[in-house]
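Have the structure open while you read.

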Amino acid sequence: MGAEVTMTDRLFRAAVWLKGLDAVGQLAGGVLLIFFPPRALTRIAHGVVTRDLLGPPAGPLAGHFEEAVRHFTGGARAFVIGYLLVHGLIKLVLVIALLRKAVRWYPAAITALGLFVLFELVRGVQTHSWVLPVLTVLDIVIIVLVIKEYRELRRNPA
């Protein structure tokens, strides 16, 4: 008979699936950004802000969003595309390993997630973002769940 599924087990699987969805989104975003020129991104940003967020076309939200997209050229664009592709691929590989309960990959997952947390903290301080600290807390929760699952798997090998 299989072991009883606990709330922590459910949280672990849900968190890993969310990371997997995030990884697929990052990979898709990176690929799409390769094919979308900055001018198209500016038009999309303008449309999203003015139509979907119901902000005025000349309002401050539209201005900030479009300014950010305008700076999204050259090296910054290459960095974002590279980051999305590499980060998404690493997460996807780790998610697959965690869902398959490949015990030897758990330390790599913990290390990679820890490095992502450090990066998020540094970028959060640099950009004064309020989103990055939230993502950092979520990643820390996932790290704790991965560590707990890893200990459990090592204690009770199948």
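For the counts below, Ala, Val, Leu, Ile, Met, Phe, Trp, Tyr, Cys and Pro are taken as nonpolar, Asp, Glu, Lys and Arg as charged, and everything else, Gly among them, as polar. On that scheme, the lining of the largest cavity comes out as 10 nonpolar, no polar and 2 charged residues. Keep in mind that this is a predicted model.

How many cavities of 30 Å³ or more turn up in a search of the whole structure? The search finds 1. The largest cavity has a volume of about 90 Å³.

**The open space**

Now for the largest pocket, with a volume of about 650 Å³. There are 25 lining residues, and Asp22, Gln26, Glu120, Leu132 and Leu135 are the closest to the pocket centre. Two or more lining residues come from each of helix 1 (7-35), helix 4 (74-99), helix 5 (106-127) and helix 6 (131-155). By class, the pocket lining splits into 15 nonpolar, 4 polar and 6 charged residues.

Here are the two spaces and their linings:

| Space | Volume | Lining residues by class |
|---|---|---|
| Largest pocket | about 650 Å³ | 15 nonpolar, 4 polar, 6 charged |
| Largest cavity | about 90 Å³ | 10 nonpolar, no polar, 2 charged |

**How helix 6 meets helix 5**

Helix 5 and helix 6 pack at about 165°, and their axes are 9 Å apart. Angles over 145 degrees count as roughly antiparallel, so helix 5 is roughly antiparallel to helix 6. The crossing of helix 5 past helix 6 is left-handed. On the helix 5 side, the contact includes Leu113, Phe116 and Glu120, while helix 6 brings residues including Leu132, Leu135, Ile142 and Val146. Sorted by class, this contact holds 16 nonpolar, 4 polar and 4 charged residues.

**How helix 6 meets helix 1**

What about helix 1 and helix 6: at what angle do their axes cross? They cross at roughly 125°, coming within 10 Å. Helix 1 and helix 6 are therefore oblique to each other. Helix 1 also passes helix 6 in a left-handed crossing. Thr8, Asp9, Leu11, Phe12, Ala15 and Lys19 of helix 1 touch Asp139, Ile142, Leu145, Val146, Lys148 and Glu149 of helix 6.

How values were computed. Residues numbered from 1 in each chain as written. Predicted model: local features only at pLDDT ≥ 70, side-chain atom pairs only at ≥ 80, totals over all residues. Heavy atoms only, no water. 1 Å grid on protein atoms, 1.4 Å probe; cavity = no way out; pocket = protein on both sides within 12 Å on 5 of 7 lines; lining within 4 Å. Points joined across faces, edges and corners; volume = space filled by probe spheres on them. Helix = DSSP H or I, 4+ residues; strand = E, 2+ residues; numbered from the N terminus. Axes fitted to C-alpha atoms, helices over the stretch in contact; angles between N-to-C directions. Parallel < 35°, antiparallel > 145°, perpendicular 65-115°, else oblique. Left-handed = near helix turned anticlockwise from the far one by under 90°. Contact = heavy atoms within 4.5 Å.
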